[in-house]
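This briefing covers helix packing, nonpolar cores and overall dimensions. Please keep the model open while reading.

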Amino acid sequence: MEEKTKQKIQKFLALFSISVSDTAAENILQFIKFGIVGATNTAISYLLNIAVLFLMRPLNAAWDFVAGNVVSFLLSVLWSFYWNNRFVFTAKEGEERFLLSALLKAYISYGFTGIILNNILSWFWIHVLYISKFTAPLINLIISVPLNFVINKFWTFKSK
């Protein structure tokens with residue numbers, strides 16, 4: 001199945017006079033899968049955040065959004081890790097993967113890109129370049145998604 005998909009990617013790119021090796025086609029396919037997991041992860045994160053806000057509404061807590069952010073971050077990274085491990089960065093035959101170590105790396109990498117880097121970039125876009133607060137997160141995605149892919153591929157799910 002994956003071999004046919006790689007060939008389809010190569011044929012599609014050939015329409016634009018772009019020739020890619022099998023390895024490049026495999027990386028493109030892996031990136032597409034990563035994007036699919038990321039899209040579901042974004043939806044799950046948002047739904048979890050909203051669910052926490054609704055659940056906490058009777059408490060009238062001023063910090064409900066913080067709880068929503070924490071719960072959605074913790075559970076959505078777990079969701080992303082599970083599907084990236086099963087669907088995107090699958091272990092090769094005979095490869096040993098230490099899941100707890102990889103999970104810790106996933107939380108570190110998403111914590112870095114999702115919290116630290118996105119906040120620094122948002123500050124730059126908004127306060128230095130005067131880009132809208134509503135546009136800044138979209139620009140961040142252009143940087144953070146490929147960066148997350150590289151970090152996951154070469155660090156989080158790297159073979160021992």
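In this predicted model, helix 1 and helix 2 are roughly perpendicular to each other, because their angle of about 100° lies in the range 65 to 115. Helix 1 spans residues 2–14 and helix 2 spans residues 22–56, with their axes 9 Å apart.

**Contact between helix 1 and helix 2**
- Helix 1 contributes Glu 2, Thr 5, Lys 6, Ile 9, Gln 10 and Leu 13.
- Helix 2 contributes Asp 22, Ala 25, Glu 26, Ile 28, Leu 29, Ile 32 and Lys 33.
- By type, the residues of this contact are six nonpolar, two polar and five charged.

**Nonpolar cores**
- The largest nonpolar core has twelve residues, among them Phe 34, Val 77, Phe 89, Tyr 110, Phe 149 and Phe 157.
- At least two residues of this core come from each of helix 2, helix 3 (64–88) and helix 4 (99–128).
- Helix 4 gives the most, with four residues.
- Leu 103, one of the residues of the largest core, touches Leu 78 and Phe 81, leaving aside residues up to four places away in sequence.
- A second, separate core has five residues, including Ile 9, Leu 13, Ala 25 and Leu 29.
- Those four residues also take part in the contact between helix 1 and helix 2.

**The chain as a whole**
- The protein chain has five helices and zero strands.
- Its C-alpha atoms fill a box of roughly 55 × 40 × 25 Å along the principal axes.
- Of its 160 residues, 32% count as buried.
- Among contacts with a separation of 6 or more, 62% join residues 24 or more positions apart.
- The accessible surface is about 10800 Å², and 70% of this surface belongs to carbon and sulfur atoms.

Key
Residues numbered from 1 in each chain as written. Predicted model: local features only at pLDDT ≥ 70, side-chain atom pairs only at ≥ 80, totals over all residues. Heavy atoms only, no water. Axes fitted to C-alpha atoms, helices over the stretch in contact; angles between N-to-C directions. Parallel < 35°, antiparallel > 145°, perpendicular 65-115°, else oblique. Contact = heavy atoms within 4.5 Å. Nonpolar A, V, L, I, M, F, W, Y, C, P; charged D, E, K, R; others polar. Core = buried A, V, L, I, M, F, W, Y, C linked by side-chain atoms within 4.5 Å. Buried < 20%, exposed > 50% of the residue type's maximum accessible area, 1.4 Å probe, protein only. Areas by Shrake-Rupley, 256 points an atom, 1.4 Å probe, with all protein chains shown as cover.
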